[in-house]
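Please open the model in your viewer and keep the selection panel at hand. The stops below say what to select and what is to be found there.

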Amino acid sequence: MRSTQKTLALWFFLIIMAVFLFQAYESKQQKAIADFNFSKFTEAVKAGEVATVTFRQDTSEVVGEMKPEFEKKYNGTHFSIVGNTQDEGYKFLQQHGITPNYERADNGGFFQSLLVNWLPLILIVAMFLFIMRQIQAGGGKAMSFGKSRARLLTEHKNRVTFKEVAGVDEAKEDLQEIVSFLKDPKKYTKLGGRIPKGVLLVGSPGTGKTLLARAVAGEAGVPFFTISGSDFVEMFVGVGASRVRDLFEQGKKNAPCLIFIDEIDAVGRHRGAGMGGGHDEREQTLNQLLVEMDGFESSEGVIMIAATNRPDVLDPALLRPGRFDRRVIVNKPDLKGREQILAVHMRKTPLGPDVDASKIARGTPGFSGADLENLVNEAALVAARSDKKYLEMEDFEKAKDKVTMGAERRSMVISDEDKKVTAYHEAGHTLVGKKLVGLDPIHKVTIIPRGMALGVTQTLPEKESVSLSKSKAENMIAFLFGGRAAEELIFKDITTGAGNDIERATEIARRMVCEWGMSKLGPLAYETRDNPVFMGMGYGNKSKEYSDAKAQEIDTEVEKIIKQGYDISIQILRDHQDALERLTQALLEYETIDGHEVDMLVNGAAVAEIEKYRNAKKDSNAAIMNAAEKKGSGDPVGNTGPVTI
Ligand code: ADP
Ligand code: ZN
C-alpha cells in the first residue's frame, strides 16, 4: 500500500511538472509580430487577415492572432497593441466578421505565476504532510497506511478444494469440522456450542499449510483473506495494530469468511523473549490481535487460521481457549503421502510409460509438498530442454539430483587420475552395499561431480524405516567405508574424498554407543539430544552426562565399531575384486550406472553388456509411446499410473 502511495505522489509531481513545462513552451511558441501598430492592425482587419481579437480591459491592450496562412507575411502570428475598447472598435470588427473577446485579467499568466511562485512551497508542504502522516499512522485515523494488506481471494477465483491437497489426511480430517462450521454456523450455535475462533496449523515450510487453509475456504465456499504475520510488523509504531483492527473489520464485513495469518510467529512471539530484547511495536500488535480476537464472536462466522512452524515460540496468550485453541499438525508427507502429492502435480504434465511415482517417492524422503511440486516442475524443464513430448523417469532422476545435490558440474576439470580414484571409491561403496544384507538397494552410482561431491552412490529405501537395528547400523558403517577401503586396496594410498563418509560413519558409531545402547557399555543414554534450537529461550545442545573416565570408555567402543566396519569393507572388496574392477570400468566408461546395471555387473556381466541393455530399454520405451500415439489417445499413457515393462 505504501509503495502505491509513493508512486501516486511521484506521478502527481511529474504531471504538474509536465503541465508547467508545457505551458512555458507554449508561450514561447506564440510568435509575436514585430513593429505592429494600430494602422497596421486596421489594415489587416480590413484585408481579412485577422483570426481573433481580444480586448484586455485591465491593461488596455488589444491582442490577437493572425490567420495561419499569413504567418509568413507578418513573420509571426500574435500581435499586441495598445488600444481601447470603444464601441466604434467593436462595430468596426463586427463589420469585418470578427467578434472580439473581452478579458478582465490574464488568467493564463496568473496561473503561471502562481505555479512558479507557489509550486515549490506547495510541494514542500505536501511532502511534509505526507511524512507526518506516515509517522503517526496509528490510532485508526491513519489513511491507507494502517489498512491491512489482507488480500481477498473470493470463492470464484482460484478456488482450491481438498482434492488438490494430498498426503495430509489427518489434517484434512481435523479441518473438515471447520468447513462445516463455516458452511452453517447456526447449526452449531443453536445447540449452545461455541464455534472455535482460531485454528493453528503447525508444520514446517512447504507442507501445504496455506494450501490447506485455502482449501477449507474453498470447500466451505466462503471468502478467504490472507495476510502474513510479517506484514503487521512495520517500521512505524502503531501501524501493525491498526492493520490488525482493519483486518478484523474487513473480516466481519465479509462474514462468513476465513482469515488466514501466515507466519504468525512474526507477531505472536513470546512477549519479552527473543533475540535483541522486546519489541514494543510487535507487542502492541500482538495485544491488538488478542483484543480483537476476544472482541468478535465466531458465531458471526469468521474463523481464523494461523500458520507457524515454531509453535514453541508463540505467546501462550495466543493459544488460550477462545483464541487459537485448536491445533492441527501438518506433517511432512510420508512415503504414501509423497506418492499422492506427486500424483496431484503430475496430473498437469504428460508422462512417459516408465515414470513410477512410487519410486520417485521412495527416493525423496524428507521432501515437503512444495519440494515435490518443485521436483515435477524441474523435471518438466529438463524434458523441455531436450525437446521431449513427455516426461520420462530419467528427467525426474535428473531433476531430483539437481534439487538434492546441486547441478552437475560437468565443466569442472578433473584429471584422469582423480577420475579413476573416484570411480574406484564409488565402486567400493557400491560393492560393499550389494554384499551386505539389510541395506537399502543401490539406486544409482555416478562419478559426475555435483555440488561438493566428486561422485555419488545413491541408495533407495524400499520402505520408510522408523527404527534402525544394530546389524543394519553396523552394515551402514561398513558401506560408508567402502569408498576409502577401495582406495586403500587399489592404490595403497588414500585421498581426502572420504571425509564426509568418515564423518557420517563416526556419527552413527557414536550414537550407537551414547544414545542407542548398542555397545557393551549397555543401554545408558550418555548423550541426549535437546529439542531444536529455541530462539530466545536458550540454545539446544547435546548434553553430556558422563564422567571423564566414561568418556574414555566411550571412545574405545566407538573406535571398535569403526574398525570393525572398516575391516568388513576391506574383506568384501578383497573377496570380490573382479566385480570391483567391472564396476569401476563401467563407471569410467558411462559415468553413471543405475541399480539394475550394478546388479548385472556384480553378478558377473561384462561391461559391454550394459550397452545392449540400454539400447533394449530405449527401444521398448519408444515402442510403448508409439503404440499409444497410434491408438490416438493423444495424451501419452502415463497418467493412469505406473506401467512396468
Ligand atoms: P506452507 O504454507 O506450509 O509453507 P504452501 O501451502 O505454501 O506451504 O505450499 C506451497 C506449494 O506446495 C503449494 O502451493 C502446493 O502446490 C504444494 N504443496 C504443498 N503441500 C502439498 C500437498 N499436501 N498436496 C499438494 N500440493 C502441495
Ligand atoms: Zn564416499
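A residue counts as buried when its relative accessible area is under 20%, as exposed when that area is over 50%, and as partly exposed in between. By this criterion, 42% of the 645 residues of the protein are buried. The model is a predicted one. Displayed as a cartoon, the protein has 23 helices and 15 strands. Among the contacts with a separation of 6 or more, 72% are between residues 24 or more positions apart.

Rings are paired here if their centres lie within 6.5 Å. By this rule the protein has seven aromatic pairs. Select Phe-36 and Phe-79, whose rings are stacked, with 5.0 Å from centre to centre and 25 degrees between the planes. Which parts of the chain does this pair link? Phe-36 lies in the loop between helix 1 (2–29) and helix 2 (38–46), whereas Phe-79 belongs to strand 3 (residues 78–82), 43 residues apart. Both Phe-36 and Phe-79 are buried.

Next, select Phe-38 and Phe-41. Their ring centres are 6.2 Å apart and their planes are at 55 degrees, so this pair is tilted. Phe-38 and Phe-41 are three residues apart in helix 2, a separation of about one helical turn. Is each of them buried or partly exposed? Phe-38 is partly exposed, at 48% relative accessible area, while Phe-41 is buried, at 5%.

**Second stop: two crossing helices**

Select helix 17 (residues 416–435) and helix 20 (residues 548–575), whose axes come within 10 Å and cross at roughly 95 degrees. Angles of 65 to 115 degrees count as roughly perpendicular, and therefore helix 17 is roughly perpendicular to helix 20. Show the side chains at the contact: helix 17 contributes Gly-428, Leu-431, Val-432 and Lys-435, and helix 20 contributes Ser-569, Ile-572 and Leu-573. Of these contact residues, four are nonpolar, two are polar and one is charged.

From here, move to Val-413, in the loop between helix 16 (393–405) and helix 17. Val-413 is exposed, with 78% relative accessible area.

Select Glu-591, in the loop between helix 21 (577–590) and strand 15 (592–594). Glu-591 is partly exposed, at 23% relative accessibility. Along the chain, Val-445 is 146 residues from Glu-591, yet their C-alpha atoms are separated by 8.2 Å. Then display Tyr-590 with Arg-614: the charged end of Arg-614 sits over the ring of Tyr-590, at 4.7 Å from its centre.

Most residues other than glycine have a negative phi. Which value of phi does Glu-263 have? For Glu-263, which is not a glycine, phi is positive, at about 45 degrees. Glu-263 is located in the loop between strand 8 (257–262) and helix 11 (265–268), and is partly exposed, with 38% relative accessible area.

Finally, select Asp-387, which is not a glycine and has a positive phi of about 55 degrees. Asp-387 lies in the loop between helix 15 (369–385) and helix 16. With a relative accessibility of 69%, Asp-387 is exposed.

Notes
Residues are numbered from 1 along each chain as its sequence is written. Chains are lettered from A and ligands numbered from 1 in the order in which they are written. This is a predicted model: local features need pLDDT of at least 70, side-chain atom pairs count only at pLDDT 80 or more; totals for chains, interfaces and linings use all residues. Side-chain values use heavy atoms; hydrogens and water are left out. Rings of Phe, Tyr and Trp (its six-membered ring) pair if their centres lie within 6.5 Å; planes under 30 degrees apart count as stacked, over 60 as edge-to-face and the rest as tilted. Helices (H or I, at least four residues) and strands (E, at least two) are DSSP runs, numbered from the N terminus. Buried means under 20% relative accessible area, exposed over 50%, partly exposed in between (1.4 Å probe, protein chains only). A charge sits over a ring if NZ of Lys or CZ of Arg is within 6 Å of the ring centre and within 35 degrees of the ring normal. Axes are lines fitted to C-alpha atoms, for helices over the stretch in contact, and angles run from 0 to 180 degrees between N-to-C directions. Angles under 35 degrees count as roughly parallel, over 145 as roughly antiparallel, 65 to 115 as roughly perpendicular and the rest as oblique. Contact means heavy atoms within 4.5 Å. Ala, Val, Leu, Ile, Met, Phe, Trp, Tyr, Cys and Pro count as nonpolar, Asp, Glu, Lys and Arg as charged, and the others, Gly among them, as polar.
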